[in-house]
Amino acid sequence: MPRKSRVKSKSGYYHVMLRGNEKKNIFRSDDDKKRFIEILAEKKLGGKFYLTAFCLMSNHVHLMIKEGNEDLSSSIKRIAGTYASYFNKKYDRTGHLFQDRFRSEPVEDESYVIALVRYIHQNPVKAGLVKKVSDYKWSSYSCYLNDNDKMCQIVDSDLILGIFSDDKKKAIEQFKKYMEQTEGTEIFIDIEEEKMSMEEAKELFKEMAMEFGIKDIENLEIKKRKEWHDLIKKYREKTGLSIKDIASIAGVTRYSVHKILKEKGKA
């Protein structure tokens with residue numbers, strides 16, 4: 001079956017999502033996220049595109065892009081291709097990093113434009129990673145409040161702030177209030193909530209362990225440390241798996257998992 005042609009946006013704005021192949025993580029460290037942001041900066045030079053919002057999650061990325069003098073597909077292919085080369089070389093891996101071709105949708109109405117910015121910034125809150133959008137480091141939210149940050153030089157925040165007010169100070173205050181509001185009825189593309197197989201769950205546990213600096217999950221001494229406790233708690237938050245399943249995946253007793261989760265009231 002031939003692929004559908006992408007719907008062309010009359011406004012030039014698009015919501016883009018890049019997802020890890022087989023739902024695997026595309027970022028294993030903060031340095032990986034920093035490199036992805038550097039690539040965004042490199043690829044938008046010369047007005048190729050405008051970036052109005054981004055959010056980097058562990059296994060997917062949300063971007064809000066306005067086309068410049070290059071079509072969307074070309075821009076995303078250059079971004080994804082450069083990052084995949086970096087990631088594969090760093091971690092000595094081969095094969096596709098991203099799942100299929102990227103997903104996108106045009107965003108036309110002005111109210112949908114700002115709703116999408118809010119949706120992207122609230123992704124970490126919905127995932128239970130933080131309580132407030134301002135608490136998450138790897139999104140463009142802070143760029144609207146402090147555009148002096150080096151990371152934020154890639155964000156074309158004035159395009160969105162101008163929708164709120166011509167007065168930048170007032171626009172920022174209105175923006176902050178709007179970002180904290182509960183989402184409306186708008187529906188945007190997102191990660192499908194699919195139940196993981198046990199093999200996928202085990203693979204995710206190993207990837208998350210690496211993020212916590214745990215290279216050997218069989219090491220009994222490691223399982224006494226804070227990093228192990230933090231891993232178990234974060235894994236439960238991310239997957240929602242039962243204590244029984246987590247114990248089986250982690251190679252520990254149900255009681256030890258229960259005890260760790262009880263520290264945070266997650267049992």
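Trainee: What share of the 267 residues in the protein chain is buried?

Mentor: Buried residues make up 43% of them. Keep in mind that this is a predicted model.

Trainee: What elements am I looking at in the protein chain?

Mentor: The protein chain has 10 helices and four strands. Starting from the N terminus, the order is β-α-β-β-α-β-α-α-α-α-α-α-α-α.

Trainee: What makes the four strands an open sheet?

Mentor: Follow the order, which is 2-3-1-4 with antiparallel pairing. The ends are strand 2 (49-56) and strand 4 (103-106), and each of these edge strands pairs on one side only. From one strand to the next, the twist averages 20°.

Trainee: How do you know that strand 1 and strand 3 pair?

Mentor: Two strands need at least two bridges to count as paired. Strand 1 (residues 13-19) and strand 3 (residues 60-67) are joined by seven bridges and run antiparallel.

Trainee: Which strands do helix 1 and helix 2 lie across?

Mentor: Helix 1 (residues 30-43) lies across strand 1, strand 2 and strand 3, at about 170° to strand 2. Helix 2 (residues 72-90) lies across strand 1, strand 2, strand 3 and strand 4, and runs at about 30° to strand 1.

Trainee: What makes Phe205 and Tyr235 edge-to-face?

Mentor: Phe205 and Tyr235 are 5.1 Å centre to centre with 85° between the planes, and the angle cut-off is over 60. Phe205 belongs to helix 7 (residues 198-211) and Tyr235 to helix 8, so this pair ties together parts that are 30 residues apart in sequence. Phe205 and Tyr235 are buried too.

Trainee: How many aromatic pairs does the structure hold, and which residues form one aromatic cluster?

Mentor: There are 13 aromatic pairs in the structure. The cluster is made of Phe27, Phe36, Tyr83, Tyr86, Phe87, Tyr91 and Phe98.

Trainee: How do you know that the charged end of Arg28 sits over the ring of Tyr91?

Mentor: The distance limit to the ring centre is 6 Å, and there is an angle limit as well. The charged end of Arg28 is 4.5 Å from the centre of the Tyr91 ring, and it counts as sitting over that ring. Arg118 does likewise over the face of Tyr178, at 4.1 Å from the ring centre.

Trainee: Why is the contact between Glu70 and Arg78 called a salt bridge?

Mentor: The cut-off is 4 Å from nitrogen to carboxyl oxygen. In Glu70 and Arg78 the closest N and O atoms are 2.9 Å apart, and the contact qualifies.

Trainee: Are Glu70 and Arg78 buried or partly exposed?

Mentor: Buried means under 20% relative accessible area. Glu70 has 15%, so it's buried. Arg78 is at 27%, so it counts as partly exposed.

Trainee: What about Asp230 and Lys226?

Mentor: Their side chains meet in a salt bridge at 2.6 Å, N to O. They are four residues apart in helix 8 (residues 226-239), so about one helical turn separates them. Exposed starts over 50%. Lys226 has 59% and counts as exposed, whereas Asp230, with 23%, is partly exposed.

Trainee: Which residues are linked in a network of salt bridges with Glu42?

Mentor: Arg35 and Glu38 join Glu42 in that network. For Glu42 and Arg35, the closest N and O atoms are 2.9 Å apart. Glu42 has a relative accessible area of 37%, so it is partly exposed. Altogether the structure holds eight salt bridges.

How values were computed
Residues are numbered from 1 along each chain as its sequence is written. This is a predicted model: local features need pLDDT of at least 70, side-chain atom pairs count only at pLDDT 80 or more; totals for chains, interfaces and linings use all residues. Side-chain values use heavy atoms; hydrogens and water are left out. Buried means under 20% relative accessible area, exposed over 50%, partly exposed in between (1.4 Å probe, protein chains only). Helices (H or I, at least four residues) and strands (E, at least two) are DSSP runs, numbered from the N terminus. Axes are lines fitted to C-alpha atoms, for helices over the stretch in contact, and angles run from 0 to 180 degrees between N-to-C directions. Contact means heavy atoms within 4.5 Å. Rings of Phe, Tyr and Trp (its six-membered ring) pair if their centres lie within 6.5 Å; planes under 30 degrees apart count as stacked, over 60 as edge-to-face and the rest as tilted. A charge sits over a ring if NZ of Lys or CZ of Arg is within 6 Å of the ring centre and within 35 degrees of the ring normal.
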